[in-house]
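Grab a pencil and have a look at the model below. Then try the exercises before you read the solutions.

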Amino acid sequence: MAHPNLRVTRRQALRKAAGALFIPFTLRAGKAPAQGGRRPFEGVTLNISCWSATYPKLIADYLPEFQEQTGIKVNYDTPGFPVYNQRADLELSTKGSGFDVLNVTFIYTSRWIGAGWLTPLDPFIADANKTPADWDFADFVPGSVQPMRDKTGAVYGIPWISDVLIAAAARFDLLAANGFGMPDTLDELDKALQVVNKKDGVAGFIAENHWGWIYPAYLQAFGGNVFRNPPDDLMPTLDTPEAAAAAEMLARLLNSYGPEAAAGYSYDQVTEALRAGRINYSTHNHVFCALLGEEGSKVVKTSNFSMIPKGPKGRFPGVASHGWGIPVGAKNKDASWEFIKWALSKDLIRRLTQKHGLGSVTRKSLIGSADYKQRMVINGIDTGQLFLDSITMSEQGYMKYRTVHVYPQANAQITQALGRIISGQMKAKESLALAQANTLADLKRAGVRF
Amino acid sequence: MPARRLAWGAQRRRSFLLGIAPAVLVLAIITIAPAIYLVATSLTPLNLTLPGTAWDFSAPAANYLDLAEDPRFTRSVWIQVKLSITTVIGQLLVGLGVALLLNGSSRVRTLARSGFLIPMVLPPIVVGILWRVMYAVDISPFHRFMAFIGLPVPSLITDPNWALTAIVIAETWEWFPFTMLMVLAALQMIPASPLEAARIDGANDWQIFRFVMFPYIQSTLVVAAIFRLIDSIKAFPLIFVLTDGGPGDVTEVTNYYAYRQAFTFSLWGYGSAIATLMVAGVFVLSYLIDRLTGVAHAEAD
Amino acid sequence: MQRQIEPGPVAAPPLRVPPSRYWVQRHRRRLGDIGTVGLLLLVLFPFVWLVQMSFRPNADILGYDLLFTPTLAHYRALWTGAFPASFLNSMITSLASTVLAMVIGVPAAYALSRSGFKSSRRIALWILATRMAPPIAFTIPFFLAYRHLGLSDTLLGLIIVYLTFNLALVIWMMQPFFDGVPRELEEAAWIDGCGVWEAFCRVTLPLSAPGLAATAVICFILSWNDFFYALVLTRTNASTAPVAIVNFIQYTGWEWGRIAAAGTLVMLPVVLFSMLVRNYLVRGLAAGGVKE
């Protein structure tokens, strides 16, 4: 029974082993600084993340090229929109170095820039050693860069898209056959859909269920707004009669003319349904609508596009820019900037538009080029022009509500409120009153004074 | 030799203290310090976008007063209560039933016990994904089967009336093996004589269960219920994967609400207040457990 | 030792029992067996479904055909991404936190068992409360603290956090084991001149080996299965396998093949280990509330 060789040192040995195991744990994944050698950033690894829009998904395929050129290996991650935003926000709040390049989401620009969680990019742009002149920062549409600037005008993000809401009719032939053009007002839309819904097995209307993005276009068309007078007066105005009327209109369009489970369509699912010709009309992002003219789409010959329909108080197409930014805690900012330069280079973007029909780009030279124009003309309609017209409209300033630093809270409440209305859980007035109360409470908690 | 005895006694005492000291120290650092930090944070309006809020104790009770008036918080508590009670009852019933079934002796049933363990030992996130597959209408074999036999079932996790039930079902599936094992162990300790006597007297199965078996397993059921109750408060991965608190906030239990306030909206002060209240509630329940099980070791000595 | 309760053999039933019931009683055991197997298949169906999905070729991934040619494509695809790194992270954190918890906790459990300190009961209560507290109560302070300590997104950070439940578990589980070792053996060693801890290593530890093994395995399982702490406290470098699976959730099109393969891989070690220690599982999960 006795084990003469065992002593208390067994415990000590265990402790030593445990200690030895710890040493590698405090080290992070290798981010070796640039060594000499041909490629300037040989051996560097970058962690990059963006939400799963068309453009970020496209450049994933071109990352090996990037590695060829610069020696940088990229760990690339494109989760869905809400998941991405939450993670990025959490990570940025730690000022950590978990990510080297992040997408600066439109609704978070004010929050992230204001809190000092992003790196100012002007030094990188201005430095001729880091950025060759022909990269041409001035080529980016000023309206797209604007949300990425702080109050003093310093730049914190380079935009890769301006999301613009336009109207698309995948089966315009059905509308035309019944004597309708592209509806110019919401009333016309209602009348047209009444006739056309379910003809040829095609449902009439759909919209992606990010109501915080879709609904404000209707809200403002009825004369309402999210806040009383953003960015100065942040009193939410979600319980006004205009808000209820807009919500009822949107709900009616979806419930009367939408497919099964119309409330559950994400942006990808809407695009797929339109391309397959299963659903007819939608107010949808231009970048997705451009895909109706691309390979695999069954509706190339039958689609039509226009600006979104007018409401009683006018037309307010939603416009939102997203861009690439560098977290303030990133370890190798020069390598990060290298990525941003490459990802938004004229050459790469041009190839993406030519090969994949990428729309809603932010470089003026490209938007004006013959190739791009040609790609954006689908079935005779110049969607590129619609895009530009909508951006011009947005310069009036009605999108200010979206860059308020507490907008994400309101966004969440709007999405839930509309969800309740469309699913029939609550009437519009009730649901919006609840959203108003919740938003007010959330805003107060976030430090807004009324 | 009394003097030597004393020295040895003191030496022993010292050795034991040495053994327990590191554990107590570590536990103190990793449980008490965070607890204090949590309560302290709950007294501030901490929000990381406004650095000044970190040590702002000007209105210490603000978060708690806010909570008292927050309809979403009270709603989350109510949802938690509904979830906990239904899932614990479900786990008790299913666990009891399966334990009774497995109580017979046969090779098959002894082997089956290991199989029934699987839901409980799977990583909870994998359980969430399993059930996501089962609840996704276009993919799930269950939904397809129901449609096939002419009783199509619409999506449960996006239906505000059924989402919580869907989660209860998944949760019950995941944890019934726990009660099953506990009840089985208790069943197998029932002495044979009362059972045989009852059978000889001609009692049927139900009577045997009700009058002979049940008294023996009663206390086990209560203990199991309390443990499962406390664990049900921690429910997270299922909700995260299946519904994300939705649709709307019908499946937003208190734990999830705290998570949202802290990690989605970055309202750390408010989230801390919710967490503090949860911990207080759990402490009360822990005290109850201690009463009922009598802290087995101290008694057994 | 567990006693098997057998339903006693049924003697010739009185004539007033209807024939069908007689048949049921006669074949009681076999019916029970069939019922058991049937129920088992039903209960395990979702689990089996996921595993088979991981072997289905992508084109057919949502199909019902039971005859499909299995493919390892999903597993291979996992290998090239970030998943192996996260798998390794899971391994490291689970092993390290188990070792750490055992090293600190086992002596404490022994001391609590033998010392007869009056505060043992209070300590036991404290440990129970720790086990019961909801993770959110820990994640908030740890998240905020780690920002300052530079432990965000590190394996060491996770290991420390896992101690909050593992250490309590080790003490809670090992104490009854030590209670079960007769004191006389140790006292004999003490009389021979051994110190307390020397006797512990020579006498008590070998006798409690099964308990040690079971406790270690349960610690490993609990650390491996953790999702919430890893989700919140890690980002890219230290993310563990359960969190990596969530990265495949694309909000729109889930990559079902890869999710199924990742899920299968993540569950494999845990299921295997649990089978080994199934007799101790409930004790561990109930933190000792059951008297064996």
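Predicted model: local features only at pLDDT ≥ 70, side-chain atom pairs only at ≥ 80, totals over all residues.

Residues are numbered from 1 along each chain as its sequence is written, while chains are lettered from A and ligands numbered from 1 in the order in which they are written.

**Exercise 1.** Work out which elements build the side of domain 1 of chain A that touches domain 2 of chain A.

Step 1: get the bounds, which come from an automatic or database domain assignment. Domain 1 of chain A covers 45-162 + 321-373, and domain 2 covers 163-319 + 396-445.

Step 2: count the contact residues. Domain 1 of chain A puts in 14 residues and domain 2 of chain A 17, with contact meaning C-beta atoms, placed from the backbone, within 7 Å.

Step 3: pick the elements (DSSP runs numbered from the N terminus: helices are H or I, at least four residues; strands are E, at least two). Helix 5 (109-114) and strand 4 (158-169) of chain A each give two or more residues to the domain 1 side. Helix 5 of chain A gives the most, 4 residues.

**Exercise 2.** Describe the make-up of chain C in terms of helices and strands, then domains.

Step 1: tally the elements. Chain C has 14 helices and 0 strands.

Step 2: Domain 1 of chain C is 19-53 and domain 2 is 77-285; their C-alpha centres sit 35 Å apart.

Notes:
Contact = placed C-beta atoms within 7 Å.
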